[in-house]
Amino acid sequence: MDKPHIFIARPMPHWLIEKLEQEATVDVWNKNEAVPEEELIRRTEEADGLFCTVSEAVTRNVIEQAPRLKVIATMAVGYNNIDLEAARENKIKVGHTPGVLTETTADLTFALLMAAARRLPEAMDTIRNNEWGSWAPFAFTGQDIYGATLGIIGMGRIGEAVAKRAAGFDMNILYHNRSRKREAEERVGAVYTELDELLGQADFVCVLAPATPETEKLIDAEAFRKMKKTAVFINSSRGATVDEPALIDALREGEIFGAGLDVFENEPIGADHPLVSLSNVVVLPHIGSASEKTRRQMADITADHILQGLKGEPLTHEVPE
Ligand code: DGY
């Protein structure tokens, strides 16, 4: 019998390709950029397994033109880029990588929070541009983190891991979630708060919610108006949760102090994006889970999902869980 066929939507290390090649023929997209839809259709029309990332739009169009597809495994915890309904209708299993990236993404979220609060990139640029004249009493004054109030929107695994870090800084932790998380409240001392109240009280507003129809543009112009003028806004979840033009206005008009962003409405963004030229913003290219260990584990779990799906076995982390 012919070996099954897998399409991998990114360059991958040899050990991973070799692991998959023991069971299947493997075709790899050898560019570090998202596979365009037409190419994705062409490369998956004969595939039994699709190994993708957050950037591929695995639409109904792609799925319906891949009659052999049994499994879609994304190397990410978020799966808003995959048409789950189309996958279910076509009896295709979908796998993702929760858990393994929680702490790494929480670390990055806290790093963003601190960098935006204390204006680190701006301060570093002063040296890079040879502009450091002398110690200046009020240069680069930022916002205190220790003892401040953190508002977490979306108290999932990563939200809780961020709260744990915040507890070490003696922060007051508020959270908003579609349902109360009483165990998390006990574990990290977070207080459930209505969204408006959280927006008004928090010194740091941190979005850690998945992109769903309910969270689409959840943080809009009105939400920014409710925040303190000294508030720092952090997003390391999905760009779709924020009304980006409203965020840009809020930052330009001084409605909030600053922002730390790892995600954007349309990725990738370039140097000409309006957020990049604002001095009160820290921008990163979606690197929340990017530690060597974590990315390796994510790739490995994704490969396991592909192999499980090809054999008709349950996936370790199947969506919906
Ligand atoms: C995820 O896993 O969903 C991240 O956004 C990609 O690292």
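Select strand 9, residues 204-207: both of its faces are covered. Phe204 and Cys206 on one side, and Val205 and Val207 on the other, are all buried (20 or more other C-beta atoms within 10 Å of a residue's own, with C-beta atoms placed from the backbone). Strands here are DSSP runs of E, at least two residues, and helices are runs of H or I, at least four, numbered from the N terminus.

This is a predicted model, where local features need pLDDT of at least 70, side-chain atom pairs count only at pLDDT 80 or more, and totals for chains, interfaces and linings use all residues. Residues are numbered from 1 along each chain as its sequence is written.

Glycine 151 has valine 205 as its bridge partner.

Phenylalanine 204 stands opposite valine 232. Follow the chain from strand 9 through helix 10 (residues 221-226) to strand 10: this β-α-β crossover is right-handed (with the strands pointing away from the viewer, the path from the first strand over the helix to the second runs clockwise).

Next, a second stop. Six strands form an open, mixed sheet in the order 2-1-3-4-5-13. Which strands stand at the edges? Strand 2 (25-28) and strand 13 (318-319) do; each has a single partner strand, so one side of each is left without a neighbour in the sheet.

Finish on strand 5, residues 93-95. Two bridges join strand 5 to strand 13, and the two run antiparallel. Valine 94 stands opposite valine 319.

Conventions:
Pairing = 2+ DSSP bridges. Buried ≥ 20, exposed ≤ 12 C-beta atoms within 10 Å, placed from the backbone.
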